[in-house]
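Please look over the structure below.

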Amino acid sequence: KIDKKYQYLADNEDVYRQPAYTMHKSRDNNDDSPMKSNYKRTDKIQEGETIDLATADTTSLKRIPGIGSYYSRKIIEYENKLGGYYSLDQINDKALDFLPLGIENYMTISTPNIRQLHINSCTVKQLNNHPYITYPQAKQLADRIRLYGPIKSWDEILFLSEFSSK
């Protein structure tokens, strides 16, 4: 027995299972009307089409096949931690290893929108928040800056034991 509230979905099951679009809740309808009016359609992009990752938001990322609300939110959260994507290779980082394979084929980066991290004025916690800096590295950087003053070049970082040329 199907509740009256869900009857529309049961009667139109084939429409809601098509992979050509995803369903997401509309914000402009808060009442308890049938689900038909609470959801709107988001078309997926086709093979060969791309989305600019530097300017993408969660709604545009959901247009990529295999990406829904959860994955699009994770991609944006990781972008915020990084300070912006510089390369599509960053989509394949360990932190995002849960993403479906091949989604980078639907993405481009036209002009990287990078927010620089000013290491000379950051705390250990701020440095450790960056995905590419571990806690021991953040601690060593902060100690180096506190003891010897601002870091002016990469060469000064390479002499620290927690960092390698890579």
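The model is predicted: local features need pLDDT of at least 70, side-chain atom pairs count only at pLDDT 80 or more, and totals for chains, interfaces and linings use all residues. Residues are numbered from 1 along each chain as its sequence is written, and side-chain values use heavy atoms, without hydrogens and water.

**Cores.** A nonpolar core is a set of buried Ala, Val, Leu, Ile, Met, Phe, Trp, Tyr and Cys residues joined through side-chain atoms within 4.5 Å. Buried means under 20% relative accessible area, exposed over 50%, and partly exposed in between (1.4 Å probe, protein chains only). The largest core has 20 residues. L61, I64, I75, Y85 and I91 have the most contacts inside it. A second, separate core has eleven residues, including L127, A138, I151 and F163.

**Rings.** Rings of Phe, Tyr and Trp (its six-membered ring) pair if their centres lie within 6.5 Å; planes under 30 degrees apart count as stacked, over 60 as edge-to-face and the rest as tilted. The whole structure has four aromatic pairs. One of them joins Y71 and F98 and is stacked, at 5.7 Å centre to centre and 15° between the planes.

| Residue | Relative accessible area | Class |
|---|---|---|
| Y71 | 24% | partly exposed |
| F98 | 28% | partly exposed |

Y70, Y71 and F98 form one aromatic cluster.
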